[in-house]
Amino acid sequence: MNLFADIRSLVLSTLDTLVADGFLPEGLSFDAITVEPPRDAAHGDMATNAAMVLAKPARMKPRDIAEKLAEKLAEDPRITAADVAGPGFLNLRLSAAVWQGVVGAVLGQGTDFGRGDLGQGKRVNVEYVSANPTGPLHVGHTRGAVFGDALASLLDFAGFDVTREYYINDGGAQVDVLARSVYLRYLEAHGQEVAFPEGTYPGDYLIDVGAALKDKVGDAYIDADEAVWLEEVRNFATDEMMKLIRDDLASLGVEMDVFYSEKSLYGTGRIESAIDDLKAKGLIYEGVLEPPKGKKPEDWEPREQTLFKSTAHGDDVDRPVMKSDGGWTYFAPDIAYHYDKVQRGFDMLIDVFGADHGGYVKRMKAAVSALSEGAVPLDIKLTQLVKLFKNGKEFKMSKRAGTFVTLRDVVDQVGPDVTRFVMLTRKNDAMLDFDFAKVLEQSRENPVFYVQYAHARVHSVLRKAAEAGVDTDMETLQRADLSQLDHEAELKLAQKLAEWPRMVETAARSNEPHRIAFYLYELAGDFHGLWNRGNDVPELRFLQDDAALSQSKIALAQAAAIVIASGLGILGVKPAEEMR
């Protein structure tokens, strides 16, 4: 049930009637017509822009259209008032029975209420985290992991067929550095004193890896030339780091469907195939790039390179795919990886990158546009930095990692649920302050607590009802007389529940899971508001002397808990049944 979609359908069918009656001309497009909550709730329950959208193509005054539309809409029993505002905006008020019906729909559908068919089963690949396998995940990866995972769940809830994917960056020089760093820990495990040159990874997390390498090969690599051990140690170290990364993700509740190795692109013809595809489309050529902006002529060395004509697909400049020495640039395997995604038949691609990848957006979009001939859209979401605070001071160090705060540092201190919710309390491209004290604070200012407390309060009502002998199983609540929910505070909560399917669709269209967190906070606010009013108005309390009346009111509370649980499920947060 999507009440906003239902009322929009009513508006469109009414407009069809006005066309059939000759009031409106034929051939009008209704695509831009919306039905949504008004900016000011005092104006009504819903508002439509129909008259404003149609006025110009119909060559009519918007107010004339709005007045006629209002007259027709008022004939529907769901509409109690249709008021024209300003030049032609139309505000609608719906009957109490409509809102009471929403409560019944939630109870009937459970956590499937709001699940939509926006995606129509289209296949979407969401790639996120994709950290270099050179150490533990840090707090920046944490935000990307939470965002990507919540986005994948949101799209699944909206009817897409979603694949969660991690791209293992194991093909670059940084993996050689990892191997050398593990080799030093291996020597250390044999009792040797070692020094870590600048550029290696000195974190304590490699101590266990070095010891594990010792257990596997004994002293076979001591005093051996690098050429003897580098490849084997590189593979061993990468596998061990990926075990660590998988464990880190699991502690956050993140599970991937696919782990895709960059290394698998090399020596297999996959990079060559992707470049050949672009070449066949006339998009690969030999040329010399202009000097970068800000470079002085004497600092610039013009040289001929193999270039991808990315400007033909919206990029600012063409991009090198092969270096002058014949080796591939960093961009080439990324092209091949996305070519593989296109070949796997995905209808849409989403990449979640850190803020430092902003310069990569246009070139990557250009590559996918070229490879798919514009058929497969790529949306790239950048997650901004996270600033950690503890005891009023910025928190920067992790002894185990050596240079940064790890994902485990955060999860161990506040738990996965708090971590995930807080990471979604800001839009992905906005900076986020994460205060270890505030995220555990039990107050309205802490959105995690505020939402969880609302869910826990419902369960406290259910426990008290059981103690009082009031039956609150789902079948009983579904049979409750919802017409008794007629107070403005009760109807306000029901109205907020009605927004849930629309919110899911809106968030999924824009790939913005933070909207779900915002909605849950507002829903919790309406529930707490109703609860608090019950302190002064006894008839608003969920438990009444009359069992049937209690069941009606508890039905509303249970509906709120169902939607909260559904939203928290999208965010990957377990709903609380009691607060400790």
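Start by selecting helix H13 (residues 416-423) and helix H14 (residues 447-467): they pack at an angle of about 115°, with their axes 9 Å apart. Axes here are lines fitted to C-alpha atoms, for helices over the stretch in contact, and angles run from 0 to 180 degrees between N-to-C directions. H13 and H14 therefore count as roughly perpendicular to each other (under 35 degrees is roughly parallel, over 145 roughly antiparallel, 65 to 115 roughly perpendicular, the rest oblique). Their crossing is right-handed, where left-handed means the near helix is turned anticlockwise from the far one by less than a right angle, and right-handed means clockwise. The helix and strand labels are DSSP runs numbered from the N terminus (H or I of at least four residues for helices, E of at least two for strands).

Before moving on, keep in mind that this is a predicted model, in which local features need pLDDT of at least 70 and side-chain atom pairs count only at pLDDT 80 or more, while totals for chains, interfaces and linings use all residues. Residues are numbered from 1 along each chain as its sequence is written, and side-chain values use heavy atoms, with hydrogens and water left out.

Next stop: helix H19 (residues 547-571). Its 25 residues should span 36 Å at 1.5 Å a residue, and its end C-alpha atoms are 35 Å apart, which agrees (the expected span is 1.5 Å times one less than the number of residues). Colour H19 by accessibility and you'll find 21 of its 25 residues buried, so the helix is largely enclosed by the rest of the structure. Buried means under 20% relative accessible area, exposed over 50%, and partly exposed in between (1.4 Å probe, protein chains only).

Now zoom in on the ends of H19. Asp 546 caps the N-terminal end, with a side-chain oxygen 3.2 Å from the backbone nitrogen of Ala 548. Just after the helix, Gly 572 takes a positive phi of about 80°.

Time for some charged pairs. How many salt bridges does the model hold? The count comes to 29, taking a salt bridge as a side-chain nitrogen of Lys or Arg within 4 Å of a carboxyl oxygen of Asp or Glu.

Select Arg 115 and Asp 156, whose side chains meet in a salt bridge at 3.7 Å, N to O. This pair links distant parts of the chain: Arg 115 sits in the loop between helix H4 (96-109) and strand S5 (123-127), and Asp 156 in helix H5 (residues 139-157), 41 residues apart. Arg 115 is partly exposed at 42%, and Asp 156 is partly exposed too, at 39%.

- Arg 78 and Asp 76 meet at 3.0 Å, N to O; Arg 78 is partly exposed at 30%, whereas Asp 76 is buried at 16%.
- Arg 344 and Asp 340 meet at 2.8 Å, N to O; Arg 344 is partly exposed at 28%, whereas Asp 340 is buried at 18%.

Finish with two single residues. Is Val 106 buried or exposed? Val 106, in helix H4, is buried, with a relative accessible area of 0%. Draw a C-alpha to C-alpha distance from Val 106 to Val 228 and you get 65 Å, for 122 residues of sequence separation. Then jump to Asp 208 in helix H7 (residues 207-217), which is exposed at 53%.

Methods: A polar contact is a pair of N or O atoms within 3.5 Å; within protein, one must be able to donate a hydrogen and the other to accept it, and residues adjacent in sequence count only if both atoms are side-chain atoms.
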